[in-house]
Amino acid sequence: MIQVKAALWPILYIHKIICICPASEGSLAMSLTEKAWSPYIAGVVIGLLQIPAFILIETALGASSSYVTIGGLLASWADPSAVTIDYIAKHIAATGKNWWQVALVVGIGIGAFISMKLSGARRQPISPIWARALGSPSPARRYAVAFLAGFIMLVGARIADGCTSGHGLSGTAQLAVGSMVAVAAMFAGGIATAMLVLRRI
């Protein structure tokens, strides 16, 4: 019972600062109808979510392993012998850690859609910045680049055994040296890529 109470207090605190009604000026409360939230408050909210995760299912925030879980599950359906591979077997096991990450990624998509509906936020399918960077407003080119870049990032996350969530949020919160090195590499790679891809702007 004590563990459950300790896990629930961050959720109750989060409930206090997030509301559906418009937030008053100068208030720390964030409204679900706002088009953007303060990155500082949102960061605190995300950080607090680690507490119930650690207490209830003994794992932290992460996202990239969810792709291994789903990919491994699909592979095992196509070829049952895939479960003999330790890496796949470990990630498709019916554990809280594996399916918590799947639920988190699905929830991010659902939450983004709900936020868009409540706030009325709209954006162009192809950002003008990307159109200039790619030299074309072609949706096909934009989606191809996004897919390829996402695939490369996912491969990198699995090699590093964690993504910006696993290393950047959870690992650094635990003062893991490997996570700090990984985050530094992520920033360096992001800056280098931005300078290379966005040089046309």
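This is a chat about helices 8, 9 and 4 of a predicted model.

Student: What kind of model is this, and how are residues numbered?
Tutor: It's a predicted model, where local features need pLDDT of at least 70, side-chain atom pairs count only at pLDDT 80 or more, and totals for chains, interfaces and linings use all residues. Residues are numbered from 1 along each chain as its sequence is written, and side-chain values use heavy atoms, with hydrogens and water left out.

Student: Okay, helix 9. Which residues are buried there?
Tutor: In helix 9 (residues 164-173), Ser165, His167, Ser170 and Gly171 are buried. Buried means under 20% relative accessible area, exposed is over 50%, and partly exposed is in between (1.4 Å probe, protein chains only). Helices here are DSSP runs of H or I, at least four residues, numbered from the N terminus.

Student: Why do those count as being on the same side?
Tutor: Because they cover an arc of only 165° around the axis. That arc is taken from the directions from the helix axis to the C-beta atoms.

Student: And what's exposed on the other side?
Tutor: Thr164 and Ala173.

Student: What do the buried ones pack against?
Tutor: Helix 3 (50-57) and helix 10 (177-197). Contact means heavy atoms within 4.5 Å.

Student: What follows helix 9?
Tutor: Leucine 175, which has a positive phi, near 60°.

Student: Switching to helix 8. Is arginine 158 buried or exposed?
Tutor: Arginine 158 sits in helix 8 and counts as buried, at 16% relative accessibility.

Student: What does its side chain make a polar contact with?
Tutor: The side chain of serine 64, at 2.8 Å. A polar contact is a pair of N or O atoms within 3.5 Å; within protein, one must be able to donate a hydrogen and the other to accept it, and residues adjacent in sequence count only if both atoms are side-chain atoms. Setting aside residues up to four places away in sequence, arginine 158 touches Ser64, Ser65, Val68, Tyr87 and His91.

Student: How about isoleucine 159, buried or exposed?
Tutor: Isoleucine 159, also a helix 8 residue (139-159), is exposed, with a relative accessible area of 71%.

Student: Last one: where's isoleucine 70, and what does it contact?
Tutor: Isoleucine 70 is in helix 4 (residues 64-78) and counts as partly exposed at 34% relative accessibility. Neighbours within four places in sequence aside, isoleucine 70 contacts Trp99 and Val102. The C-alpha atoms of isoleucine 70 and tryptophan 99 are 9.3 Å apart, with the two residues 29 apart along the chain.

Technical notes:
Helices (H or I, at least four residues) and strands (E, at least two) are DSSP runs, numbered from the N terminus.
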